[in-house]
Amino acid sequence: MPELPEVEAARKAVEENCIGKKITKCIVADDSKVIDGVSHSEFEASVIGKTIVAARRKGKNMWLQLDSPPFPSFQFGMAGAIYIKGVAVTKYKRSAVNDEDEWPSKYSKFFIQLDDGLEISFTDKRRFAKVRLLKDPTSVPPISELGPDALFEPMTLDEFTGRLHKKKTEIKALLLDQSYISGIGNWVADEVLYQARIHPQQSASSLSGENCSTLYECIKEVIQFAVGVDADCSRFPLEWLFHFRWGKKPGKISGEEYFSTIYNLTNRFILQVIEKAVEVGADSSQYPTNWIFHFREKKPGKAFVDGKEINFITAGGRTTAYVPELQKLSGPQKLKETGKARGKTSKKARVDDDNNDDIENPTKKEDQTLGKKGAKAGAKGREASKRKKTEESDDDNDGDTGTDNDDDSDQVEKRKPAPAKKQSKKSVQSNQNSRSARSKAK
């Protein structure tokens with residue numbers, strides 16, 4: 001998804017190729033979900049004939065500054081992307097527009113042609129982006145509500161630490177809060193927390209001074225590096241969590257993406273290993289300490305470098321990748337989690353250990369409950385026994401036509417004598433009258 005590095009790569013591409021050129025043609029999609037607050041025809045009429053004088057960005061928002069307002073503004077959403085025909089602009093996950101697709105793409109929301117023939121298109125396949133026409137983008141939402149830009153307006157370490165300690169929210173949620181710091185999205189937040197060895201659910205106010213300092217440096221390093229390579233993820237360092245966070249299964253990436261990533265990483269890693277080995281004259285004592293070379297002679301199961309499991313949880317309302325072995329809750333939160341775990345264990349232990357005592361020495365209330373349960377259980381048992389006997393009897397009689405069954409029938413008759421016939425009221429009265437008459441005769 002487009003975060004600060006991806007949007008900055010788009011801004012730089014426009015700045016390098018489009019500044020000083022006049023817009024001669026404009027096509028805006030008739031899509032009110034993406035084109036916000038203005039009709040497509042009004043939008044087109046407002047920019048034709050204008051000259052692009054700058055490309056600006058704050059956080060994940062970008063706008064074209066023309067020689068007079070209003071200015072086209074782009075909020076990239078989940079899949080927004082800038083493409084310049086004939087110019088390599090960094091592609092990223094979810095943009096879903098390929099070189100072989102029609103031009104401009106059917107997903108194009110804003111298309112312009114410049115006076116030298118150069119063509120630019122803003123596309124959005126998923127329609128979560130917003131394209132606006134604004135007189136002053138910095139004075140109205142969403143840009144006016146953004147916190148300092150993580151690249152262009154970095155806080156000092158003291159300011160960063162002080163603001164963190166005022167927030168009790170989870171650190172991942174705070175990093176995603178664009179009013180706190182703008183430009184950091186899901187993958188950048190996961191990456192900096194991984195590199196800083198901070199659990200994504202750690203409370204911001206509970207971070208130590210050392211944690212804050214490490215996180216501050218990691219944010220700066222990750223963003224500056226990603227921007228420096230124009231957000232080309234194939235050029236991100238091999239040890240970054242980024243390469244392994246997309247599959248939503250521990251340590252895995254899904255499908256084609258997995259093989260593509262492994263192929264690129266393997267090629268780069270081979271070159272890096274060879275270059276390093278040559279650089280130190282093949283002196284193995286000077287190889288990096290994290291190389292598997294130093295461990296390969298040991299027993300199986302000991303040769304691990306980055307083979308640590310990645311887990312996925314929800315933090316800050318987003319799917320979050322982290323490494324439990326390295327990113328652990330600390331301070332009061334750790335005690336709280338430990339307390340919860342112990343509480344659950346001891347409760348279970350009490351149930352398991354006390355069951356016999358509860359049965360042998362029940363309280364009065366428990367005794368009554370057990371008595372009721374026992375009675376019900378006994379009734380159920382008798383009913384089950386009756387059903388079982390009936391079923392057995394039915395099974396014995398099914399399909400039996402031979403002489404052997406006559407013997408069985410006799411035995412059944414002996415075991416179960418026929419019940420006495422019920423007498424009618426008239427019969428009972430007649431018997432009583434007969435006994436009375438005999439008594440009088442005597």
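These legends walk through several close-up views of a predicted model.

**View 1. Strand β7 and its covered faces.**
Let's start with strand β7, which spans residues 119–123.

**View 2. The partners of β7.**
Which strands pair with β7? Strand β5 (residues 81–84) does, in the antiparallel sense, over 4 bridges. Strand β6 (residues 108–114) also runs antiparallel to β7, joined to it by 5 bridges. Phe122 is a handy landmark here: it is the bridge partner of Ile82, and it is the bridge partner of Phe110 too. If you follow β6 into β7, you pass through a hairpin with 4 residues between the strands. In that turn, look for Gly117, whose phi is positive at about 95 degrees.

**View 3. Phe74 meets Phe110.**
The structure holds 12 aromatic pairs, and this view picks out one of them. The ring centres of Phe74 and Phe110 are 5.3 Å apart and the planes stand at 65 degrees, so this pair counts as edge-to-face. Phe74 belongs to strand β4 (residues 71–75) and Phe110 to strand β6, so the pair ties together parts 36 residues apart in sequence. Both of these residues are buried. Zoom out a bit and you'll see a cluster linked by ring pairs: Phe43, Phe74, Phe76, Phe110 and Phe122.

Asp31 is in the loop between β1 (23–28) and α2 (40–47). With 10% relative accessibility, Asp31 counts as buried. What does Asp31 contact, leaving aside neighbours within four places in sequence? The answer is Lys109 and Arg127. Arg127 has its own place in the loop between β7 and β8, and is partly exposed, with a relative accessible area of 33%. Its backbone is worth a look as well: Arg127 has a positive phi of about 60 degrees, although it is not a glycine. For context, most residues other than glycine have a negative phi.

**View 4. Charges over rings.**
Two spots show a charged residue over an aromatic ring. Lys33 lies over the face of Phe128, 5.3 Å from the ring centre. The charged end of Arg197 sits over the ring of Tyr194, at 4.9 Å from its centre. You'll find Arg197 in the loop between α5 (186–196) and α6 (209–228), where it is partly exposed at 39% relative accessibility. Phi of Arg197 is positive too, near 60 degrees.

**View 5. Ala13 in helix α1.**
Find helix α1 (residues 4–18) and pick out Ala13. Ala13 is buried, with a relative accessible area of 9%. Not counting residues up to four places away in sequence, Ala13 touches Ile84 and Val89. Asp230 is 217 residues away from Ala13 in sequence, yet their C-alpha atoms are 9.3 Å apart in space.

**View 6. Two cis peptide bonds.**
Most peptide bonds are trans. The bond from Pro69 to Pro70 is cis, with omega near 5 degrees, and Pro70 is in the loop between β3 (61–66) and β4. The bond from Pro141 to Pro142 is also cis, with omega near 5 degrees. Pro142 has its place in the loop between β8 (130–134) and α3 (157–164).

Definitions and conventions: Residues numbered from 1 in each chain as written. Predicted model: local features only at pLDDT ≥ 70, side-chain atom pairs only at ≥ 80, totals over all residues. Heavy atoms only, no water. Buried < 20%, exposed > 50% of the residue type's maximum accessible area, 1.4 Å probe, protein only. Pairing = 2+ DSSP bridges. Contact = heavy atoms within 4.5 Å. Phe/Tyr/Trp six-rings, centres within 6.5 Å; stacked < 30°, edge-to-face > 60°. Lys NZ or Arg CZ within 6 Å of the ring centre and 35° of its normal.
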